[in-house]
Amino acid sequence: MTAGNDTIRIDNQEIPFTAGQTIMDAALAAGVYIPHLCHHPGLPPSGNCRLCMVEIGNRSVAACIAAATAGQQIRNDTPELNAARKAITQMLFVEGNHICPSCEKTGNCKLQAMAYHLGMLDDHFPQFYPHRELDASHPDILLDRSRCILCDLCVRASRDVDKKNVFAIAGRGTQAHLIVNTPTGKLVDSPMAKTDLAANICPVGAILIKEKGYEVPIGQRIYDRQTIRDIGLYEQAEEKNKE
Amino acid sequence: MLHRLHAIQRDCLHISRESIQQVAQEFDLPIAQVAAVVAFHSFFHTRPRGRFDILFSNCTSCGYLSGGQDLLQLLCLQLQVTPGETRADGLVSIDETSCIGMCDQGPSLLINGLPITHLNDNKVVQLAQLIALETPLPDWPANWFDIHHTVHRRDWLLSGSPVPREIMLKALDIGRDNTLAILLQSGLRGRGGAGFATGRKWQLCREAPGDTRYVVCNADEGEPGTFKDRMLLTTYAENLFAGMALCAFVIGATQGFVYLRAEYHYLLESLQETLQSCRRHGLLGNRILGHSDFDFDITLIVGAGAYICGEESALIESLEGKPGIPRIRPPFPVTHGYLGQPTVVNNVETFIAAAHIVHSGNETFRTTGTASSTGTKILSISGDCALPGIYEYPFGVRIRQILDDCGAQNVQAMQIGGPAGTLLNPAEFGRTLAFDDVSSGGSLLIFGPQRDLLTIHRNFARFFAHESCGFCTPCRVGTQLIQKELDTIAEGRGSAYTIVELQQLARLVQQQSHCGLGHTAANHVLEGLHKFPLTFSSRLQPQFTARFDLDQALASARHITHRDDSAAHLSND
């Protein structure tokens, strides 16, 4: 079997894949964007945000964790799936306290960019207004759990790339929250540094590098200039260059 | 590690930050992992519970409301306790928990892990007095703690008696391949509900590459309304262990686990004794019945109050000392299970049935039931019927027959397979119990004419919102939103739009979630909307009504501004 001859079909586009690739890997490598928040090229996939749900026959699967297999007929960019993705994005908004107009991350935030991408015009669902703990103990890094979407990217980045294992997610249901792997539970007692991948991978404003928030003015930030689709494809290409 | 945490919770009434640190050190684990396990389970607490720690079941059959009055509220009033909190003097804490598997025993609670059943107002008042006087539990009326298993109908499985020695001798006599062949031919399918062919599972596990293999018994009977494993673990534990040993014999495992739900902690002692007796009789341990290359033993692990741990990959995570978050599947446990090794996970009833099939041959089994659902199924029947209890039926039995047998009259609706299962209306009572018709892990809840089905839906919705593991967005947030929408309708604030919302939400949760919990959590809503539309539509308001309480919405503003004057209130009219 020659790997190069194996293809999957996403929305009528034939896409090659190699053994071991997920649908997401193959799609991004071929320049086909599947919306995602908890996936990041180079980190093991998790499958928690569910934005990358695609359909194969009458089955829904998360593209980031489903293996690509020859002959798959996959629906991705359909009105139904994008409506579901919008609803999931709205869920992430109401579950936390997302204060876009006053958030340092505005313009650099993937959740916000995803909302624009999917044409989200309101929260739709009632707000939860959760009370979540803020940790400002670290001199260089702020942890505001109010804005956390539990994507687990910092957990994986810290464990698998930084090799520091600073974070974990604890608690069930809406009680789920990010915890710090120190006796005090405070970030200051962890070995985390602002140069760590974990400090820079947060898609939202939950982990912020202090004193950097407004170096780039609003209006000139990442998603002010490019769409989340372009950035998603760019991140994949960048990871491939690293290899 | 779960046992260590249970011991700390019992002795210190909570698990402090220091204890978490200590356990992490003992087991050489990250502190965050231990903290995450503590936070994941309902029976572990980071703040001290009362010396009398009471958990009322909130199930529709054994819950504190099931007797027609609010017993939790009554006990809280008697003892001046706020639900969910520990009284200032540390004497008592009162809270609620998901179904504790006492559905045939009337309203029930757990006190320091021990079940008390058949509750009524009178008993609750006595209970309050015993607590107020700090009477030690051993001095309480002993019959309060009695659990009687009522088996109303016995068939192929429950007519047999525990014969672990004969079962093992037979298997050793015919050998591994023939034992597996008997199972494959029997058509036995997993009794947990999903119905995967048991013989095939064992075969796949045997063939999967791995250094070692494991046998796991899922005794995390958490589906509200099911309690048949409680009886099986009491009466047929020897056959269960023999069934597990058979599996070990077939797949080549030396280690097995029984993952027992925390609500059945009270069974632990007797299960340990049975294990010991099996070891003494050479049925477990090294060189089983003198067979030189057959070593197998079983360890009992007690869960800590998390419904999701009944999902096989979540159960394995929990066994490994991690929070019970379902894994990405595939790979399935049968190839990558406990510690990444091939693992068979079967339900209590499945192992016992397997043992019985091997012992008595598969002839009777194969000819009982239907072509695709062979054998019998043990049901836990509760709710509005004269004879709640345990019933064993051949597959293919009609629902109507079951209802007649348990003395259920004028049934309005029934829920089969627990809140995650199927809601049936009377027009469907001609359907049959089978994997390809009405499938069930064992729970059968009956709702009589006087029941308010919306209350049932709200109960189920609350259950899922509480038990969602929180891993994926649609289930974590969606189950909460479904609960809110149902509450909105119940409070008389619903409109036709609320129903559309509910339907869309339910579909989203069903289609986009990560695991079986999410896939099934909204079934009851979708089926309710389809089969009993009046449950919802009869509560809708004909005129415009705000979807929330305007005055209530100002409460936090009043609190912050220290105001309570009339200008700080809004009229809802």
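The model is predicted: local features need pLDDT of at least 70, side-chain atom pairs count only at pLDDT 80 or more, and totals for chains, interfaces and linings use all residues. Residues are numbered from 1 along each chain as written, chains are lettered from A in the order written, and side-chain values use heavy atoms, without hydrogens or water.

**The sheet.** Four strands of chain B form an open, mixed sheet in the order β2-β1-β3-β4. Strands are DSSP runs of E, at least two residues, and helices are runs of H or I, at least four; strands pair if DSSP finds at least two bridges between them. β2 (92–97) and β4 (114–116) of chain B each have a single partner strand, so one side of each lacks a neighbour in the sheet. β3 (residues 109–111) of chain B pairs with β4(B) in the antiparallel sense over three bridges. There, B:L109 stands opposite B:I116.

**The interface.** Contact means heavy atoms within 4.5 Å.

| Item, chains B and A | Value |
|---|---|
| Residues of chain B in contact with chain A | 38 residues |
| Residues of chain A in contact with chain B | 36 residues |
| Buried area | about 3000 Å² |

Buried area is the accessible area (1.4 Å probe) lost on putting two parts together, summed over both. Carbon and sulfur atoms carry 61% of it. The rule finds two salt bridges across the interface (Lys or Arg side-chain nitrogen within 4 Å of an Asp or Glu carboxyl oxygen). A:E95 and B:R476 meet in a salt bridge at 2.5 Å, N to O.
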